[in-house]
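Let's take a quick tour of a protein model. Here are the sequence and the structure to keep beside you while you read.

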Amino acid sequence: MTQTVRAAPIARSRGSKPPTTLDTPVTYLKGAGPAAAERLRALGIERVADLLFHLPSRYEDRRRIVPLAQLKPGMEALVRGRVVAADVRFAPRRSLRVAIEDGSDSLLLRFFHFNETQRDGFVAGRWLRAYGQVRAGANGLEMVHPEYRLADDPSLLPPEPRLTAVYPTTAGIAQARLRSLIRQALDIAAKDSAFNAELPGLPPPDTLSALRLLHEPDGEDLGPLLVGRHPAQLRLLREELLAHQLCMRWLRRRSQAAAAARIETLPATQAALQEQLPFALTGAQRRVLAEIAQDLASGRPMLRLVQGDVGCGKTVVAAVAMLACARAGLQAALMAPTELLAEQHAHNLARLLGHLGVEVGWLSGRMKRAEREEALRAVATGERPLWVGTHALFQSEVRFARLGLVVVDEQHRFGVAQRLALRDKGRLGAGDGQAWVPHQLIMSATPIPRTLAQTLYADLDVSVIDELPPGRRPVQTVVISNARRAAVLERIGQACRAGRQAYWVCTLIEESEQLQAQAAEETYRQLRAELPELRVGLVHGRMKPAEKEAQMRAFVGGLTQLLVATTVIEVGVDVPNASIMIIDNAERLGLAQLHQLRGRVGRGGQASQCLLLYQPPLSDNARARLEVMRTCHDGFVIAKRDLELRGPGELLGRRQTGVIGLKIADPARDAGEIPMLTQLADRWWTQAPRAAQRLIARWIGDAGRYAQV
Ligand code: ADP
Ligand code: MG
C-alpha cells in the first residue's frame, strides 16, 4: 500500500470548474487564493472538509452591552461609551491610555502596541465599542488591548445578534475570512448525501446540524455551549471518540497480522552504551528496556507506549532502542513535536552515541533545499541509520531504505493519523515485497486515565517508568503576586550572579503565535533594562530555526543566564544547569502545562525553584490550581487533581483539547462518555462496518487504509 499523495491544487480555470465536493482543495472556494491556501495549510486545512471541522476554540458573548458600573475584574465584556481623553505614557512602559465613560461609570483602555493612526482615532466625544477582559489597574478598572470600534453615533455600534465564534488562526487569515470559508463548506456539506447518511445509534442532532450550530450559534439557550456541554458538542465529541475506538480496533487487528523485523541486539547494545553513560540506568529504565527488548525480538511489530513523569529519563531508553536497531542493520527515526525539541534530541543523541561511531541525521521542514535533498538521499540509501526530526519525517517524499523502528516523543501532540503514516513508511521500505512494518515506541509524560487509554491507545502496550533518577530534589515552588515583582527580580539577579540559570516563561492566552512572540520580546526588553548586569536570551516560536538553536545553545553553554521564552520550551527541553523557573501569569495555565514547564528545572543535582507569578485577583479555581502546584510534585497526582478541578465543561483545557490528535473531544472532560461508546463500537464492528469506515474517514482521514487488514 502506498501513501496517499494529495494532488497539488490545480489552478482555477474559468468554465471547466469541477464540481466542488468536500474533497476538493480549499482553493476552489471564494476567498482562498494560493497565498491563503498556504496559510490555511498551516492550520491543517487543505480540503473543504477540513474547514467543517475547524471548530471555534471559544465563544465570546457580545450580545449585551454591559454598563461600566457593572464591570468586575476578570469579566469579559462588551462595553460602549464616549471617549473622554487619550494620552501616551512613557513610564513604566510606553502605553496609550484611553478613558471612556457611559453615564454609569468610566473605564480605562490601555494599549502597548499601537500606531499613530490608531492613537489619533481616539478623539474626545466619539463613541467607542470595546470587547475585552476587565482587570483591576492602579487607578480602577481597565481593559488591556481590547478589540474596539469607533463611530460618531452609538447606534452605529450595536451589540452582536449572536455569540461570536473565535477560531484558532494564524497570521494573514482573519476571523472573518475563516467564517466565510466555513459557511461555503457548510453549504457544500449540506448537498453531500454520503456526509449526511445516518449514523445508527448516535443521538441527535445530526452531524450537519451540529456543525452549523457550533459555527454559527443562534438561538436562546446557548449557555451549555460556553461550557462545552451543548448537544451539538456532545454529538461531535461522541462521533470523534467512537471513530478513534473503531480505528484502534482495526489497528490492533492489523498489527496482530503483520510481521516485523526481528531485532535481538538490544541487551548487548544496552551493555555497551552503559559503559559510555555518566550514570547508571534506574531499575525502572532497565525494566522497560527489557520489555522493549522482548517486543523487538518477537517478529511482530512492537506498539509500546512508555509513560513516565517529566525528567524520569525517557530519552536514554529511546536511544538504546534506536542504537540496537542500527546495530541490527536497520534504520530508526525519532520524531519530536517541535523543531526546538527535535534539535535538542539530535544533539543529545549525537553526544550520547558519538563515542560509538554512529551518525545521527537530521530532517526538518525548514531546511534549505540543498540540505534537505542531501538528507533525503541519505535516508533513501540507508547510509545513515539514525534520524531525528519533526513531522517532516513522515512526508511522502521521505523514503527510508529499511526503517526498523519509529520513536515518537511526547506523543500527545501526534494523532493516530500520523502514527499510521509512519507505519506505512516501513512498508515502503520493504524491498522484496515483504510486508513488514516498523516497530513503534511512543513516549509520553502525560499520564492517561485508564478509560481513555482504552479508547485512544487500545492498540498499544503500556510500560511505566515509575522512578526518578537518584538525587533529584523536588522543585521548591512558590506562588507570588505580581505586586512583588521587584523582589522577584532582585532574587533572580542574585541567583544568576551566583552562577545559576533561569527560565522566564511568558504566557498569553492567544490564538496567535505572533502575539505570543511580541509579548516575549517585550518582556525580554524589559528584563534587560531591569537586570542590566545579566546576559539575557530570548526564544519563541516565530524565530528562525537557526536563531532558536543559537539561543538554546547559548543557554545550554551558560553564555546566557536568563532565558525569556514562550511556552515553546514546555516540552522536553533539557538544560540540567537551569535551576530556576519563573512563570509569568501562571494563573492562565492549566495544571498539565504548569507541571510540564516546571519539569524543565530540577534536572541537575542542585536544589531548584519555581516561581509562579500571578496577576491578582485570583479566581477560586486558579487559586486551587496554584496551590496544587505548590504542594504536589507527582505528575500522576497532579493529573488527577487536574481532572477534579476542571470538572465537566471547564474550557480551561483548551490547549489540551488539541492533544492526541483530537479535534473536539477532551480526554479529561469526556471520560464519562466512553462506556456508552464502547458498546456502540461493539455493535458497529459487526453490524455497521460501512458506517464505521465513514466515521473514521471523517474524523481521522483516509478510510482506505483501515479497510485493509
Ligand atoms: P524525560 O523523561 O522528561 O524525557 P530526559 O530523558 O530528558 O527526561 O532526562 C532528564 C535528565 O535526566 C537528563 O539530563 C538525563 O541525562 C538524565 N538521566 C536520565 N536517566 C538518568 C539516570 N538513570 N541517572 C541519572 N540521570 C539520568
Ligand atoms: Mg523527554
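Start with a stretch to be careful about: over residues 428-432 the pLDDT stays under 50, and the model has six contacts for them beyond four places in sequence. This is a predicted model, so confidence is a handy place to begin.

**How confident is the prediction?**

- Averaged over the protein chain, pLDDT comes to 85, and 87% of the residues score at least 70.
- Among the elements of the chain, helix H9 (residues 283-296) has the highest mean pLDDT, at 97, while helix H21 (residues 654-657) has the lowest, at 36.
- Residues 1-15 also have a pLDDT below 50, and this stretch has 25 contacts in the model beyond near neighbours in sequence.

**Charged pairs**

- Side chains with opposite charges can pair up when their charged atoms come close.
- Searching the whole structure turns up 35 salt bridges.
- One of them joins the side chains of Glu-38 and Arg-41, with 3.5 Å from N to O.
- Both Glu-38 and Arg-41 sit in helix H1 (residues 34-42), three residues apart, which is about one turn of the helix.
- An α-helix has 3.6 residues a turn, so residues three or four places apart point the same way.
- Is Glu-38 buried, exposed or partly exposed? Its relative accessibility is 49%, so Glu-38 counts as partly exposed.
- Arg-41 is partly exposed too, because its relative accessible area is 39%.
- Another salt bridge links Arg-97 and Asp-87, whose closest N and O atoms are 3.2 Å apart.
- Arg-97 belongs to strand E3 (residues 95-101) and Asp-87 to strand E2 (residues 76-89), so this pair ties together parts that are 10 residues apart in sequence.
- Arg-97 counts as buried, at 14% relative accessibility, whereas Asp-87 is partly exposed at 32%.
- Asp-295 and Arg-304 make a salt bridge as well, and here the closest N and O atoms are 2.6 Å apart.
- How accessible are these two partners? Asp-295 is buried at 13% relative accessibility, and Arg-304 is buried with a relative accessible area of 9%.
- Salt bridges can also share partners, and that is how Arg-58, Glu-60, Arg-62 and Glu-147 are joined into one network.

**A closer look at helix H4**

- H4 (residues 175-190) has 16 residues.
- From its first C-alpha to its last, H4 reaches 23 Å, close to the 22 Å expected at 1.5 Å a residue.
- Buried residues of H4 include Leu-178, Leu-181, Ile-182, Gln-184 and Ala-185, and Leu-186, Ile-188 and Ala-189 are buried too.
- What do the buried residues of H4 pack against? Their partners are H1, helix H2 (48-52) and helix H5 (207-215).

**The second largest pocket**

- This pocket holds about 1000 Å³ of space.
- Its lining is made up of 40 residues, and Thr-315, Asn-348, Arg-351, Asp-574 and Pro-576 lie nearest the centre.
- Helix H10 (314-327), helix H11 (339-354) and helix H17 (545-556) each supply at least two residues of the lining.
- Which helix gives the most to the lining of this pocket? That's H11, with nine residues.

Note on methods:
Residues are numbered from 1 along each chain as its sequence is written. Chains are lettered from A and ligands numbered from 1 in the order in which they are written. This is a predicted model: local features need pLDDT of at least 70, side-chain atom pairs count only at pLDDT 80 or more; totals for chains, interfaces and linings use all residues. Side-chain values use heavy atoms; hydrogens and water are left out. A salt bridge is a side-chain nitrogen of Lys or Arg within 4 Å of a carboxyl oxygen of Asp or Glu. Helices (H or I, at least four residues) and strands (E, at least two) are DSSP runs, numbered from the N terminus. Buried means under 20% relative accessible area, exposed over 50%, partly exposed in between (1.4 Å probe, protein chains only). The expected span of a helix is 1.5 Å times one less than its number of residues. Contact means heavy atoms within 4.5 Å. pLDDT is the predictor's confidence in each residue, from 0 to 100. On a 1 Å grid over the protein atoms alone, a cavity is a set of points where a 1.4 Å probe fits but cannot get out, and a pocket is an open set with protein on both sides within 12 Å along at least five of seven lines; lining residues have an atom within 4 Å of a point. Grid points are joined across faces, edges and corners, and a volume is the space filled by probe spheres set on the points.
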